[in-house]
Amino acid sequence: ASGDSFPAVVVGSGYGASVAALRLGEAGVNTLVLEMGRLWDEAAADGRIFCDMINPDRRSMWFKDRTEAPLDSLLWLDIVNRDIERYPGVLDRVHFGEMSVYVGRGVGGGSLVNGGMAVTPARGHFEKVLPGVDSGEMYGTYFPRARAMLGVNSIDTDYFGDSDYYRFARLARDQAHNAGLSTVYVPNVYDFGYMEREERGDAAKSALAGEVIYGNNHGKRSLDKSYLAAALGTGKVTLRTMRQVERIEQGADGGYTLTVKEIDENGSVVARTEVSCTHLFLGAGSLGTTELLLRARDTGALPGLSPDLGTGWGPNGNIMAGRANHPWNPTGSKQSSIPVLAIDDWNHPAHPVFAEIAPLPAGIETGISLYLAITDNPERGSFSLDPATGELRLDWRREQNAPAVTAAKSLLDRVNRANRTEYRYDLFGDDRAFADDFCYHPLGGCPLGVATDGYGRLRGHRNLYAVDSSLIPGSIGVNPFVTITALAERNVARVLAEDVVPGLRGA
Ligand code: FDA
(Lines give C-alpha, C1' and ligand atoms only; values in the text may rest on other atoms or scores of the structure.)
Protein backbone atom coordinates (compact mmCIF):
# COMPACT_ATOMS: atom_id res chain seq x y z
CA ALA A 1 0.00 0.00 0.00
CA SER A 2 1.24 3.49 -0.71
CA GLY A 3 1.53 5.78 2.26
CA ASP A 4 2.22 9.29 3.30
CA SER A 5 5.02 11.19 4.88
CA PHE A 6 5.42 13.50 7.88
CA PRO A 7 8.43 15.28 9.34
CA ALA A 8 7.54 13.67 12.69
CA VAL A 9 5.48 10.71 13.78
CA VAL A 10 4.51 9.96 17.39
CA VAL A 11 3.48 6.40 18.25
CA GLY A 12 0.88 6.18 21.03
CA SER A 13 -0.96 8.96 22.85
CA GLY A 14 -0.13 8.50 26.55
CA TYR A 15 1.93 10.92 28.65
CA GLY A 16 5.24 10.89 26.82
CA ALA A 17 3.55 10.86 23.41
CA SER A 18 1.27 13.77 24.30
CA VAL A 19 4.17 15.93 25.44
CA ALA A 20 6.02 15.18 22.19
CA ALA A 21 2.94 15.94 20.07
CA LEU A 22 2.31 19.28 21.78
CA ARG A 23 5.88 20.53 21.70
CA LEU A 24 6.38 19.41 18.06
CA GLY A 25 3.12 21.11 17.06
CA GLU A 26 4.10 24.31 18.85
CA ALA A 27 7.43 24.30 17.01
CA GLY A 28 5.50 24.20 13.73
CA VAL A 29 6.40 20.61 12.88
CA ASN A 30 3.71 18.67 11.02
CA THR A 31 3.21 15.68 13.25
CA LEU A 32 1.16 12.51 12.96
CA VAL A 33 0.03 10.69 16.11
CA LEU A 34 -0.85 7.00 15.69
CA GLU A 35 -2.91 5.37 18.45
CA MET A 36 -4.08 1.76 18.44
CA GLY A 37 -7.13 2.45 20.63
CA ARG A 38 -10.28 4.48 20.15
CA LEU A 39 -11.01 8.15 20.56
CA TRP A 40 -13.34 8.26 23.58
CA ASP A 41 -15.46 11.29 22.84
CA GLU A 42 -18.93 10.05 21.94
CA ALA A 43 -21.68 8.79 24.18
CA ALA A 44 -23.03 5.32 23.50
CA ALA A 45 -26.74 4.44 23.45
CA ASP A 46 -26.92 4.77 27.25
CA GLY A 47 -25.81 8.40 27.05
CA ARG A 48 -22.39 7.72 28.54
CA ILE A 49 -18.94 7.56 26.99
CA PHE A 50 -17.51 5.09 29.49
CA CYS A 51 -19.09 2.35 31.59
CA ASP A 52 -18.69 2.15 35.36
CA MET A 53 -16.98 -0.45 37.53
CA ILE A 54 -20.06 -2.05 39.00
CA ASN A 55 -21.79 -2.89 35.71
CA PRO A 56 -19.00 -3.09 33.18
CA ASP A 57 -19.84 -3.71 29.53
CA ARG A 58 -17.85 -4.09 26.32
CA ARG A 59 -16.38 -0.61 26.71
CA SER A 60 -14.42 -1.76 29.75
CA MET A 61 -11.70 -3.95 28.28
CA TRP A 62 -9.53 -4.33 25.20
CA PHE A 63 -10.83 -7.33 23.25
CA LYS A 64 -11.68 -9.66 26.14
CA ASP A 65 -14.58 -12.04 26.72
CA ARG A 66 -14.68 -11.25 30.42
CA THR A 67 -13.58 -8.32 32.54
CA GLU A 68 -10.35 -8.78 34.51
CA ALA A 69 -10.66 -6.39 37.45
CA PRO A 70 -7.76 -6.14 39.91
CA LEU A 71 -9.90 -7.41 42.80
CA ASP A 72 -11.45 -10.51 41.31
CA SER A 73 -13.47 -11.88 44.20
CA LEU A 74 -15.31 -10.80 47.34
CA LEU A 75 -15.71 -13.38 50.09
CA TRP A 76 -14.10 -15.70 47.51
CA LEU A 77 -17.17 -15.27 45.32
CA ASP A 78 -16.75 -14.71 41.62
CA ILE A 79 -19.11 -11.72 41.65
CA VAL A 80 -16.83 -8.95 40.46
CA ASN A 81 -16.19 -9.77 36.82
CA ARG A 82 -18.68 -9.94 33.96
CA ASP A 83 -18.84 -11.59 30.56
CA ILE A 84 -18.51 -8.92 27.90
CA GLU A 85 -18.50 -8.65 24.12
CA ARG A 86 -15.09 -8.33 22.49
CA TYR A 87 -14.50 -4.69 21.71
CA PRO A 88 -11.66 -2.14 21.71
CA GLY A 89 -12.43 -1.18 25.32
CA VAL A 90 -10.31 1.20 27.33
CA LEU A 91 -8.42 -1.02 29.78
CA ASP A 92 -6.11 -3.86 28.86
CA ARG A 93 -4.53 -6.46 31.09
CA VAL A 94 -1.53 -7.95 29.34
CA HIS A 95 -0.53 -11.37 30.63
CA PHE A 96 3.04 -12.51 30.78
CA GLY A 97 4.07 -15.72 32.52
CA GLU A 98 4.20 -14.59 36.16
CA MET A 99 3.15 -10.95 35.95
CA SER A 100 0.27 -9.20 34.30
CA VAL A 101 0.28 -5.53 33.45
CA TYR A 102 -2.64 -3.10 33.27
CA VAL A 103 -2.47 -0.44 30.55
CA GLY A 104 -4.87 2.07 29.04
CA ARG A 105 -5.90 1.86 25.37
CA GLY A 106 -7.27 4.87 23.56
CA VAL A 107 -6.46 8.51 22.91
CA GLY A 108 -4.85 9.52 26.20
CA GLY A 109 -3.40 6.09 27.03
CA GLY A 110 -3.20 5.42 30.78
CA SER A 111 -4.71 8.82 31.60
CA LEU A 112 -8.13 7.45 30.62
CA VAL A 113 -8.13 4.65 33.15
CA ASN A 114 -5.83 5.68 35.97
CA GLY A 115 -6.63 7.08 39.40
CA GLY A 116 -5.20 10.47 38.47
CA MET A 117 -2.78 10.56 41.41
CA ALA A 118 -0.23 13.18 40.45
CA VAL A 119 2.79 12.69 42.67
CA THR A 120 6.21 14.27 42.36
CA PRO A 121 8.88 11.90 43.67
CA ALA A 122 11.12 12.77 46.60
CA ARG A 123 14.12 14.53 45.10
CA GLY A 124 16.67 12.27 46.76
CA HIS A 125 14.99 9.20 45.32
CA PHE A 126 14.71 10.72 41.86
CA GLU A 127 18.44 11.45 41.94
CA LYS A 128 19.15 7.86 42.93
CA VAL A 129 17.01 6.41 40.12
CA LEU A 130 18.11 8.81 37.36
CA PRO A 131 21.54 10.06 38.44
CA GLY A 132 22.33 11.30 34.93
CA VAL A 133 19.46 13.80 34.93
CA ASP A 134 20.04 17.32 36.33
CA SER A 135 17.56 17.34 39.22
CA GLY A 136 17.81 21.12 39.64
CA GLU A 137 16.39 21.55 36.15
CA MET A 138 13.73 18.90 36.78
CA TYR A 139 12.49 20.33 40.08
CA GLY A 140 12.94 23.94 38.98
CA THR A 141 11.42 23.76 35.50
CA TYR A 142 10.08 20.47 34.19
CA PHE A 143 8.09 19.11 37.16
CA PRO A 144 6.28 22.45 37.62
CA ARG A 145 5.65 22.65 33.86
CA ALA A 146 4.23 19.12 33.78
CA ARG A 147 1.98 19.70 36.81
CA ALA A 148 0.64 22.94 35.36
CA MET A 149 -0.12 21.41 31.96
CA LEU A 150 -1.69 18.30 33.49
CA GLY A 151 -3.99 20.43 35.65
CA VAL A 152 -2.87 19.05 39.01
CA ASN A 153 -4.95 20.19 41.98
CA SER A 154 -5.54 19.19 45.61
CA ILE A 155 -8.62 18.34 47.62
CA ASP A 156 -9.96 20.97 50.01
CA THR A 157 -9.16 19.50 53.42
CA ASP A 158 -12.46 20.70 54.94
CA TYR A 159 -14.33 18.91 52.17
CA PHE A 160 -12.22 15.82 52.78
CA GLY A 161 -12.98 16.00 56.48
CA ASP A 162 -16.75 16.21 55.95
CA SER A 163 -17.65 14.12 52.93
CA ASP A 164 -19.26 10.70 53.40
CA TYR A 165 -17.39 9.68 50.26
CA TYR A 166 -14.04 9.93 52.07
CA ARG A 167 -15.01 8.09 55.25
CA PHE A 168 -12.97 5.12 53.98
CA ALA A 169 -9.87 7.29 53.70
CA ARG A 170 -10.32 9.00 57.06
CA LEU A 171 -10.66 5.60 58.72
CA ALA A 172 -7.51 4.27 57.07
CA ARG A 173 -5.71 7.51 57.96
CA ASP A 174 -6.65 7.26 61.62
CA GLN A 175 -5.62 3.62 61.70
CA ALA A 176 -2.25 4.51 60.20
CA HIS A 177 -1.81 7.24 62.79
CA ASN A 178 -2.66 4.73 65.53
CA ALA A 179 0.36 2.78 64.28
CA GLY A 180 2.59 5.86 64.44
CA LEU A 181 2.66 6.23 60.65
CA SER A 182 2.22 9.51 58.84
CA THR A 183 -0.11 10.20 55.94
CA VAL A 184 0.07 12.80 53.19
CA TYR A 185 -2.52 14.29 50.89
CA VAL A 186 -1.89 13.33 47.29
CA PRO A 187 -2.63 15.77 44.46
CA ASN A 188 -4.71 14.61 41.50
CA VAL A 189 -5.79 15.63 38.01
CA TYR A 190 -9.43 15.02 38.91
CA ASP A 191 -11.05 18.45 39.33
CA PHE A 192 -11.92 18.60 43.03
CA GLY A 193 -14.14 21.63 42.43
CA TYR A 194 -16.17 19.43 40.11
CA MET A 195 -16.26 16.68 42.73
CA GLU A 196 -17.72 19.08 45.29
CA ARG A 197 -20.42 20.00 42.76
CA GLU A 198 -21.12 16.27 42.32
CA GLU A 199 -21.56 15.98 46.05
CA ARG A 200 -23.97 18.94 46.15
CA GLY A 201 -25.99 17.43 43.32
CA ASP A 202 -25.09 20.27 40.95
CA ALA A 203 -23.18 18.15 38.45
CA ALA A 204 -23.36 14.68 36.97
CA LYS A 205 -21.55 12.20 39.20
CA SER A 206 -18.37 10.46 38.06
CA ALA A 207 -15.82 10.07 40.90
CA LEU A 208 -18.78 9.84 43.27
CA ALA A 209 -20.47 7.27 41.02
CA GLY A 210 -17.68 4.72 41.19
CA GLU A 211 -16.14 5.59 37.85
CA VAL A 212 -12.43 4.78 37.45
CA ILE A 213 -10.26 2.14 35.70
CA TYR A 214 -12.84 1.84 32.89
CA GLY A 215 -12.83 5.61 32.37
CA ASN A 216 -14.41 8.69 33.95
CA ASN A 217 -17.32 10.39 32.21
CA HIS A 218 -16.74 13.72 33.96
CA GLY A 219 -14.28 15.60 36.13
CA LYS A 220 -11.01 14.02 35.15
CA ARG A 221 -8.49 16.00 33.16
CA SER A 222 -7.21 13.12 31.11
CA LEU A 223 -4.65 13.87 28.40
CA ASP A 224 -7.28 14.26 25.68
CA LYS A 225 -8.47 17.31 27.66
CA SER A 226 -5.01 18.72 28.51
CA TYR A 227 -1.88 18.06 26.46
CA LEU A 228 -3.57 16.48 23.46
CA ALA A 229 -6.26 19.15 23.17
CA ALA A 230 -3.47 21.74 23.14
CA ALA A 231 -1.47 19.70 20.62
CA LEU A 232 -4.42 19.51 18.22
CA GLY A 233 -4.98 23.22 18.84
CA THR A 234 -1.63 24.03 17.23
CA GLY A 235 -3.15 22.98 13.90
CA LYS A 236 0.01 21.00 13.15
CA VAL A 237 -0.90 17.71 14.75
CA THR A 238 -2.95 14.98 13.03
CA LEU A 239 -4.41 12.14 15.07
CA ARG A 240 -5.27 8.73 13.63
CA THR A 241 -6.87 6.13 15.86
CA MET A 242 -7.33 2.36 15.72
CA ARG A 243 -3.89 2.26 14.13
CA GLN A 244 -1.32 -0.07 15.60
CA VAL A 245 2.26 0.36 14.51
CA GLU A 246 3.63 -3.09 13.82
CA ARG A 247 7.04 -2.54 12.31
CA ILE A 248 9.71 0.13 11.97
CA GLU A 249 12.37 0.23 9.25
CA GLN A 250 15.01 2.77 8.31
CA GLY A 251 15.67 3.72 4.70
CA ALA A 252 19.01 4.54 3.10
CA ASP A 253 18.27 8.26 3.55
CA GLY A 254 17.93 7.75 7.33
CA GLY A 255 14.15 8.24 7.32
CA TYR A 256 11.81 5.79 8.98
CA THR A 257 8.97 3.77 7.47
CA LEU A 258 6.26 2.38 9.71
CA THR A 259 3.91 -0.46 8.90
CA VAL A 260 0.54 0.41 10.40
CA LYS A 261 -2.32 -2.01 10.97
CA GLU A 262 -5.74 -0.41 10.96
CA ILE A 263 -8.47 -2.32 12.79
CA ASP A 264 -12.23 -1.96 13.17
CA GLU A 265 -14.46 -2.44 16.23
CA ASN A 266 -14.36 -6.20 15.78
CA GLY A 267 -10.60 -6.24 15.73
CA SER A 268 -10.57 -7.15 12.04
CA VAL A 269 -7.78 -5.70 9.99
CA VAL A 270 -9.19 -3.03 7.70
CA ALA A 271 -5.93 -2.01 6.07
CA ARG A 272 -2.17 -2.17 6.32
CA THR A 273 -0.50 1.05 5.29
CA GLU A 274 2.92 2.62 5.40
CA VAL A 275 3.82 6.00 6.84
CA SER A 276 7.24 7.54 6.60
CA CYS A 277 8.90 10.23 8.67
CA THR A 278 12.20 11.89 9.46
CA HIS A 279 11.87 11.95 13.25
CA LEU A 280 10.20 9.09 15.08
CA PHE A 281 8.98 9.45 18.69
CA LEU A 282 7.97 6.28 20.47
CA GLY A 283 5.37 6.80 23.21
CA ALA A 284 3.67 3.40 23.16
CA GLY A 285 4.47 2.78 26.85
CA SER A 286 6.92 0.46 28.58
CA LEU A 287 5.45 -2.59 26.81
CA GLY A 288 4.64 -1.05 23.43
CA THR A 289 7.82 0.95 22.86
CA THR A 290 10.10 -1.86 24.00
CA GLU A 291 8.31 -4.41 21.80
CA LEU A 292 8.58 -2.25 18.67
CA LEU A 293 12.28 -1.65 19.25
CA LEU A 294 13.12 -5.25 20.08
CA ARG A 295 11.33 -6.40 16.93
CA ALA A 296 13.19 -3.84 14.84
CA ARG A 297 16.52 -4.89 16.31
CA ASP A 298 15.99 -8.65 16.22
CA THR A 299 14.63 -8.74 12.67
CA GLY A 300 17.60 -6.72 11.47
CA ALA A 301 15.48 -3.70 10.52
CA LEU A 302 17.35 -1.51 13.06
CA PRO A 303 20.40 -3.63 13.78
CA GLY A 304 22.35 -0.91 15.58
CA LEU A 305 19.99 -0.72 18.56
CA SER A 306 21.51 -1.39 21.96
CA PRO A 307 22.01 -4.93 23.26
CA ASP A 308 20.62 -3.53 26.56
CA LEU A 309 17.22 -2.92 25.03
CA GLY A 310 14.56 -4.77 27.03
CA THR A 311 16.38 -4.45 30.36
CA GLY A 312 15.64 -2.47 33.51
CA TRP A 313 11.98 -3.43 33.77
CA GLY A 314 10.07 -3.26 37.05
CA PRO A 315 6.48 -2.96 38.37
CA ASN A 316 7.34 0.13 40.49
CA GLY A 317 7.22 -2.13 43.54
CA ASN A 318 3.41 -2.39 43.22
CA ILE A 319 1.64 -4.63 45.75
CA MET A 320 -2.07 -4.53 46.52
CA ALA A 321 -3.58 -5.67 49.81
CA GLY A 322 -6.74 -5.29 51.86
CA ARG A 323 -7.39 -5.19 55.61
CA ALA A 324 -10.57 -6.33 57.35
CA ASN A 325 -12.20 -3.72 59.56
CA HIS A 326 -14.29 -4.33 62.64
CA PRO A 327 -18.04 -3.91 62.17
CA TRP A 328 -17.98 -0.82 64.39
CA ASN A 329 -15.60 0.87 61.94
CA PRO A 330 -17.54 1.11 58.66
CA THR A 331 -15.71 2.27 55.55
CA GLY A 332 -18.99 3.49 54.05
CA SER A 333 -21.07 2.35 51.14
CA LYS A 334 -20.37 5.68 49.45
CA GLN A 335 -16.76 5.94 48.25
CA SER A 336 -15.14 8.41 45.91
CA SER A 337 -13.17 6.56 43.24
CA ILE A 338 -10.37 9.12 43.47
CA PRO A 339 -7.66 8.41 46.06
CA VAL A 340 -6.35 11.45 47.95
CA LEU A 341 -4.24 10.07 50.79
CA ALA A 342 -1.17 7.90 51.14
CA ILE A 343 0.76 6.47 54.04
CA ASP A 344 4.23 7.85 53.56
CA ASP A 345 6.83 5.59 55.16
CA TRP A 346 9.43 6.08 52.45
CA ASN A 347 12.08 6.97 55.00
CA HIS A 348 11.83 3.57 56.71
CA PRO A 349 15.42 2.29 56.96
CA ALA A 350 14.69 -1.26 55.77
CA HIS A 351 11.30 -1.20 54.05
CA PRO A 352 10.42 2.07 52.35
CA VAL A 353 6.75 2.14 51.34
CA PHE A 354 4.44 4.75 49.86
CA ALA A 355 0.98 3.22 50.25
CA GLU A 356 -1.95 4.76 48.50
CA ILE A 357 -5.19 4.47 50.48
CA ALA A 358 -7.31 3.07 47.67
CA PRO A 359 -11.08 3.25 47.36
CA LEU A 360 -13.26 0.22 46.81
CA PRO A 361 -16.39 1.79 45.38
CA ALA A 362 -18.59 -1.30 45.44
CA GLY A 363 -21.77 0.55 46.43
CA ILE A 364 -22.06 -1.55 49.60
CA GLU A 365 -20.27 -1.65 52.95
CA THR A 366 -17.35 -4.01 52.35
CA GLY A 367 -15.46 -3.47 55.59
CA ILE A 368 -12.27 -3.39 53.55
CA SER A 369 -9.41 -0.94 53.72
CA LEU A 370 -7.54 -1.31 50.45
CA TYR A 371 -3.99 -0.23 49.66
CA LEU A 372 -1.78 0.02 46.63
CA ALA A 373 1.70 -0.09 48.12
CA ILE A 374 4.63 1.27 46.14
CA THR A 375 7.81 -0.30 47.47
CA ASP A 376 11.48 -0.01 46.62
CA ASN A 377 11.92 -3.48 45.17
CA PRO A 378 15.40 -3.63 43.59
CA GLU A 379 14.57 -6.67 41.44
CA ARG A 380 14.42 -6.10 37.67
CA GLY A 381 12.98 -8.07 34.80
CA SER A 382 13.68 -7.96 31.09
CA PHE A 383 11.76 -8.19 27.84
CA SER A 384 12.66 -10.33 24.86
CA LEU A 385 10.90 -11.68 21.80
CA ASP A 386 9.97 -15.32 21.62
CA PRO A 387 12.14 -16.61 18.77
CA ALA A 388 9.41 -19.02 17.64
CA THR A 389 6.32 -16.80 17.77
CA GLY A 390 7.85 -13.33 17.76
CA GLU A 391 5.68 -12.43 20.77
CA LEU A 392 6.82 -10.16 23.56
CA ARG A 393 7.98 -12.05 26.66
CA LEU A 394 8.69 -10.68 30.11
CA ASP A 395 11.31 -12.45 32.14
CA TRP A 396 9.99 -11.74 35.62
CA ARG A 397 9.53 -14.48 38.21
CA ARG A 398 6.90 -14.28 40.90
CA GLU A 399 9.54 -14.69 43.62
CA GLN A 400 11.16 -11.44 42.45
CA ASN A 401 8.26 -9.69 44.12
CA ALA A 402 9.14 -11.19 47.52
CA PRO A 403 11.02 -8.05 48.69
CA ALA A 404 8.00 -5.91 47.75
CA VAL A 405 5.61 -8.17 49.65
CA THR A 406 7.92 -8.12 52.68
CA ALA A 407 7.94 -4.32 52.67
CA ALA A 408 4.17 -3.97 52.21
CA LYS A 409 3.59 -6.59 54.92
CA SER A 410 5.94 -4.87 57.34
CA LEU A 411 3.94 -1.65 57.00
CA LEU A 412 0.44 -3.18 57.09
CA ASP A 413 1.35 -5.56 59.94
CA ARG A 414 2.00 -2.44 62.00
CA VAL A 415 -1.41 -1.06 61.07
CA ASN A 416 -3.08 -4.37 61.90
CA ARG A 417 -1.28 -4.68 65.23
CA ALA A 418 -2.18 -1.16 66.32
CA ASN A 419 -5.84 -1.61 65.37
CA ARG A 420 -6.27 -5.31 66.24
CA THR A 421 -7.29 -6.09 62.68
CA GLU A 422 -6.41 -8.77 60.12
CA TYR A 423 -5.81 -9.03 56.39
CA ARG A 424 -8.52 -9.95 53.89
CA TYR A 425 -7.73 -13.19 52.12
CA ASP A 426 -10.74 -13.31 49.82
CA LEU A 427 -9.95 -10.60 47.26
CA PHE A 428 -7.49 -12.02 44.76
CA GLY A 429 -9.17 -15.23 43.63
CA ASP A 430 -7.34 -17.52 46.10
CA ASP A 431 -6.30 -17.01 49.72
CA ARG A 432 -3.43 -14.60 49.32
CA ALA A 433 -3.39 -11.40 51.34
CA PHE A 434 -0.97 -9.70 48.93
CA ALA A 435 -1.53 -9.38 45.19
CA ASP A 436 1.99 -9.76 43.83
CA ASP A 437 1.22 -10.83 40.27
CA PHE A 438 -0.08 -7.67 38.60
CA CYS A 439 0.92 -4.05 38.35
CA TYR A 440 -0.40 -0.68 37.27
CA HIS A 441 2.98 1.01 36.88
CA PRO A 442 5.15 -0.81 34.33
CA LEU A 443 8.45 1.02 34.00
CA GLY A 444 11.54 0.39 31.90
CA GLY A 445 12.61 -1.70 28.95
CA CYS A 446 14.43 1.12 27.27
CA PRO A 447 16.34 2.66 30.18
CA LEU A 448 17.51 6.26 29.88
CA GLY A 449 21.25 6.56 29.45
CA VAL A 450 21.54 2.80 28.78
CA ALA A 451 19.53 1.89 25.67
CA THR A 452 19.36 5.61 24.86
CA ASP A 453 21.57 8.63 25.42
CA GLY A 454 20.81 10.97 28.31
CA TYR A 455 17.80 12.44 26.43
CA GLY A 456 16.00 9.38 25.09
CA ARG A 457 17.71 9.19 21.69
CA LEU A 458 18.01 5.51 20.84
CA ARG A 459 21.62 4.39 20.54
CA GLY A 460 22.61 3.17 17.10
CA HIS A 461 20.05 5.02 14.95
CA ARG A 462 19.55 8.77 14.40
CA ASN A 463 16.31 10.71 14.87
CA LEU A 464 14.68 7.92 16.85
CA TYR A 465 13.43 8.65 20.38
CA ALA A 466 11.76 6.93 23.33
CA VAL A 467 9.62 9.43 25.26
CA ASP A 468 7.57 7.36 27.73
CA SER A 469 7.65 5.09 30.79
CA SER A 470 10.06 2.73 29.02
CA LEU A 471 12.87 5.17 29.95
CA ILE A 472 12.47 4.86 33.74
CA PRO A 473 14.44 1.93 35.12
CA GLY A 474 11.80 -0.07 36.97
CA SER A 475 10.93 2.10 39.95
CA ILE A 476 10.32 5.72 40.90
CA GLY A 477 8.89 5.38 44.40
CA VAL A 478 5.55 7.11 43.73
CA ASN A 479 2.81 6.92 41.09
CA PRO A 480 4.73 7.60 37.91
CA PHE A 481 2.88 9.79 35.41
CA VAL A 482 4.11 13.17 36.67
CA THR A 483 7.68 11.91 36.32
CA ILE A 484 7.01 10.43 32.87
CA THR A 485 5.53 13.75 31.76
CA ALA A 486 8.27 15.94 33.25
CA LEU A 487 11.03 13.76 31.84
CA ALA A 488 9.40 13.91 28.41
CA GLU A 489 9.22 17.71 28.69
CA ARG A 490 12.95 17.81 29.43
CA ASN A 491 13.98 15.35 26.73
CA VAL A 492 11.71 16.67 23.99
CA ALA A 493 12.86 20.27 24.64
CA ARG A 494 16.46 19.18 24.05
CA VAL A 495 15.71 17.06 21.01
CA LEU A 496 13.59 19.79 19.41
CA ALA A 497 16.32 22.37 19.88
CA GLU A 498 19.21 20.19 18.77
CA ASP A 499 17.79 17.73 16.23
CA VAL A 500 14.41 18.77 14.87
CA VAL A 501 14.36 22.55 14.50
CA PRO A 502 17.85 22.88 12.94
CA GLY A 503 16.81 20.21 10.42
CA LEU A 504 13.71 22.19 9.51
CA ARG A 505 15.77 25.34 8.96
CA GLY A 506 18.20 23.45 6.81
CA ALA A 507 15.39 21.95 4.71
P1 FDA B 1 0.70 4.99 28.16
O2 FDA B 1 0.65 3.58 28.56
O3 FDA B 1 -0.08 5.99 28.95
O4 FDA B 1 0.21 5.13 26.67
C5 FDA B 1 0.68 4.33 25.62
C6 FDA B 1 -0.33 4.40 24.49
O7 FDA B 1 0.26 3.82 23.33
C8 FDA B 1 -1.62 3.65 24.75
O9 FDA B 1 -2.71 4.48 24.46
C10 FDA B 1 -1.55 2.46 23.79
O11 FDA B 1 -2.82 2.07 23.31
C12 FDA B 1 -0.70 3.00 22.68
N13 FDA B 1 0.06 1.99 21.94
C14 FDA B 1 0.78 0.97 22.44
N15 FDA B 1 1.38 0.28 21.46
C16 FDA B 1 1.05 0.88 20.30
C17 FDA B 1 1.36 0.63 18.93
N18 FDA B 1 2.18 -0.38 18.58
N19 FDA B 1 0.82 1.43 17.98
C20 FDA B 1 0.00 2.47 18.33
N21 FDA B 1 -0.33 2.75 19.62
C22 FDA B 1 0.20 1.97 20.59
N23 FDA B 1 -0.03 6.57 37.45
C24 FDA B 1 -0.04 7.67 38.25
O25 FDA B 1 0.92 8.45 38.21
N26 FDA B 1 -1.09 7.89 39.09
C27 FDA B 1 -2.14 7.04 39.18
O28 FDA B 1 -3.09 7.29 39.95
C29 FDA B 1 -2.14 5.87 38.36
N30 FDA B 1 -3.13 4.94 38.44
C31 FDA B 1 -3.20 3.93 37.50
C32 FDA B 1 -4.32 3.09 37.47
C33 FDA B 1 -4.45 2.14 36.45
C34 FDA B 1 -5.65 1.24 36.40
C35 FDA B 1 -3.42 2.02 35.46
C36 FDA B 1 -3.51 1.02 34.34
C37 FDA B 1 -2.30 2.84 35.52
C38 FDA B 1 -2.18 3.79 36.54
N39 FDA B 1 -1.09 4.65 36.57
C40 FDA B 1 -1.08 5.70 37.46
C41 FDA B 1 0.05 4.47 35.66
C42 FDA B 1 0.07 5.46 34.49
O43 FDA B 1 -1.19 5.54 33.89
C44 FDA B 1 1.15 5.01 33.48
O45 FDA B 1 2.38 5.00 34.16
C46 FDA B 1 1.23 5.92 32.27
O47 FDA B 1 0.01 5.96 31.58
C48 FDA B 1 2.34 5.49 31.31
O49 FDA B 1 2.49 6.51 30.36
P50 FDA B 1 3.22 6.27 28.97
O51 FDA B 1 3.41 7.60 28.33
O52 FDA B 1 4.41 5.43 29.16
O53 FDA B 1 2.23 5.41 28.07
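Colleague: What makes aspartate 191 a cap of the N-terminal end of H6?

Modeller: This is a predicted model, so the distance is computed. A side-chain oxygen of aspartate 191 lies 2.9 Å from the backbone nitrogen of glycine 193. The cut-off for a polar contact between N or O atoms is 3.5 Å, so the pair qualifies.

Colleague: And what follows H6 at the other end?

Modeller: Glycine 201 follows H6, with a positive phi near 85°.

Colleague: Which residues of H6 are called buried?

Modeller: H6 covers residues 192–200, and its buried residues are Phe192, Tyr194, Met195 and Glu198. Buried means under 20% relative accessible area, so each of these falls below that cut-off.

Colleague: How do you know that the buried residues line one face of the helix?

Modeller: Look down the axis of H6. The buried residues fall within an arc of 150°, so they line one face.

Colleague: What covers them?

Modeller: The cover includes helix H4, residues 157–162.

Colleague: Which residues line the largest cavity?

Modeller: Phe50, Leu112, Asn216, Lys220, Ser222 and Lys225. By class, that lining has two nonpolar, two polar and two charged residues. Lys counts as charged, so Lys220 and Lys225 belong to the charged class.

Colleague: And what lines the second largest cavity?

Modeller: Phe168, Thr331, Gln335, Ala358, Ile368, Ser369 and Leu370. Strand S13, residues 368–375, gives the most to this lining, with three residues. The classes are four nonpolar, three polar and no charged.

Colleague: What is the volume of the second largest pocket?

Modeller: About 220 Å³. It has 17 lining residues, and the closest to its centre are Val119, Thr120, Asp344, Phe354 and Val478.

Colleague: Why call that one a pocket and not a cavity?

Modeller: A pocket is an open set of points, whereas from a cavity the probe cannot get out, so the two labels part on that test.

Colleague: How does the lining of that pocket divide by class?

Modeller: The lining has 12 nonpolar, four polar and one charged residues. Asp counts as charged, so Asp344 is the charged one.

How values were computed: Residues numbered from 1 in each chain as written. Predicted model: local features only at pLDDT ≥ 70, side-chain atom pairs only at ≥ 80, totals over all residues. Heavy atoms only, no water. Buried < 20%, exposed > 50% of the residue type's maximum accessible area, 1.4 Å probe, protein only. Helix = DSSP H or I, 4+ residues; strand = E, 2+ residues; numbered from the N terminus. Arc of directions from axis to C-beta. Contact = heavy atoms within 4.5 Å. Polar contact = N/O pair within 3.5 Å; in protein donor to acceptor, adjacent residues only side chain to side chain. 1 Å grid on protein atoms, 1.4 Å probe; cavity = no way out; pocket = protein on both sides within 12 Å on 5 of 7 lines; lining within 4 Å. Points joined across faces, edges and corners; volume = space filled by probe spheres on them.
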